[in-house]
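These are my notes from working through one model, written down in the order in which I looked things up. I began with a salt bridge and let its partners lead me on to the helices.

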Amino acid sequence: MTERKPPGVSFESWVDRQVRQATENGEFEDLPGFGKPLPEDAGGYDELWWIKGKMHREGLAVLPPALALRKEAEDALAEALRAPSEAAVRRIVARINERITPAMLRPPPGPPLGLKPYDADAVVEEWRRGRR
């Protein structure tokens, strides 16, 4: 709606006309959630309700840096164990170890990191066992 309110027309009648025209053009049909009840709100008012809902719909999460790195390390290990070659395994392990080592030396805020760099040889050995 980029049209400006014409001078001399009351704001209410201008808005009413816009809504009526949009309704006649079917612009309010097939909206997400149309005809469905509003979700229950058991927690009371939350100033960040829209942001939290958007993050949930987009599949996003905000974790403290230590927990995010733990998750990244778990994902990297799983990726390494599915890798097609030993060189790929070593490359994945080296990449995650480059993130873990500085975090050990200068711990991020939040819960303890609880990680140490992966031993590439041990991961390669586990990768080989999984390929048999």
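I started with Glu 125 and Arg 128, whose side chains meet in a salt bridge with an N to O distance of 3.7 Å; I note at once that the model is a predicted one. The two residues are three apart in helix α5, so about one helical turn separates them. I then looked up their accessibility, and Glu 125 counts as partly exposed at 33%, while Arg 128 counts as partly exposed at 34%.

I next took Glu 86 and Arg 90, which form a salt bridge whose closest N and O atoms are 3.3 Å apart. Both lie in helix α4, four residues from each other, which is about one turn of the helix. Glu 86 is partly exposed, with a relative accessible area of 27%, and Arg 90 is partly exposed as well, with a relative accessible area of 32%.

Which residues does Arg 90 touch once its neighbours within four places in sequence are left aside? I find contacts with Ala 120, Asp 121 and Val 124.

How many salt bridges does a search of the whole structure find? The search returns nine. One further pair that I looked up is Lys 71 with Asp 75, where the side chains meet at 2.8 Å, N to O. Lys 71 and Asp 75 are four residues apart in helix α3, so the separation is about one helical turn. Lys 71 is partly exposed at a relative accessible area of 42%, and Asp 75, at 37% relative accessibility, also counts as partly exposed.

For helix pairs I recorded two quantities, since two packed helices are described by the angle between their axes and the distance between the axes. Helix α3 covers residues 65-81 and helix α4 covers residues 86-105, and their axes come within 9 Å and cross at roughly 165 degrees. Because angles over 145 degrees count as roughly antiparallel, I describe α3 as roughly antiparallel to α4. The crossing of α3 past α4 is left-handed.

I then listed the residues that meet: α3 contributes Leu 69, Glu 72, Ala 73, Ala 76, Glu 79 and Ala 80, and α4 contributes Val 89, Ile 92, Val 93, Arg 95, Ile 96, Arg 99, Ile 100 and Ala 103. Sorted by class, the residues of this contact are ten nonpolar, no polar and four charged.

How do the axes of α3 and α5 cross, and within what distance do they come? Helix α5 spans residues 120-131, and its axis comes within 9 Å of that of α3, crossing at roughly 50 degrees. I therefore write the two helices, α3 and α5, down as oblique to each other. In this contact Leu 77, Ala 80 and Leu 81 of α3 meet Val 123, Glu 126 and Trp 127 of α5. Its residues divide into five nonpolar, no polar and one charged.

Not counting residues up to four places away in sequence, Asn 97 touches Pro 102, Pro 117 and Tyr 118.

Asp 30 has a positive phi of about 60 degrees although it is not a glycine. Asp 30 has its place in the loop between α1 (11-24) and α2 (49-58), and at 76% relative accessibility Asp 30 counts as exposed.

Definitions and conventions:
Residues numbered from 1 in each chain as written. Predicted model: local features only at pLDDT ≥ 70, side-chain atom pairs only at ≥ 80, totals over all residues. Heavy atoms only, no water. Axes fitted to C-alpha atoms, helices over the stretch in contact; angles between N-to-C directions. Parallel < 35°, antiparallel > 145°, perpendicular 65-115°, else oblique. Left-handed = near helix turned anticlockwise from the far one by under 90°. Contact = heavy atoms within 4.5 Å. Nonpolar A, V, L, I, M, F, W, Y, C, P; charged D, E, K, R; others polar. Salt bridge = Lys/Arg side-chain N within 4 Å of Asp/Glu carboxyl O. Buried < 20%, exposed > 50% of the residue type's maximum accessible area, 1.4 Å probe, protein only.
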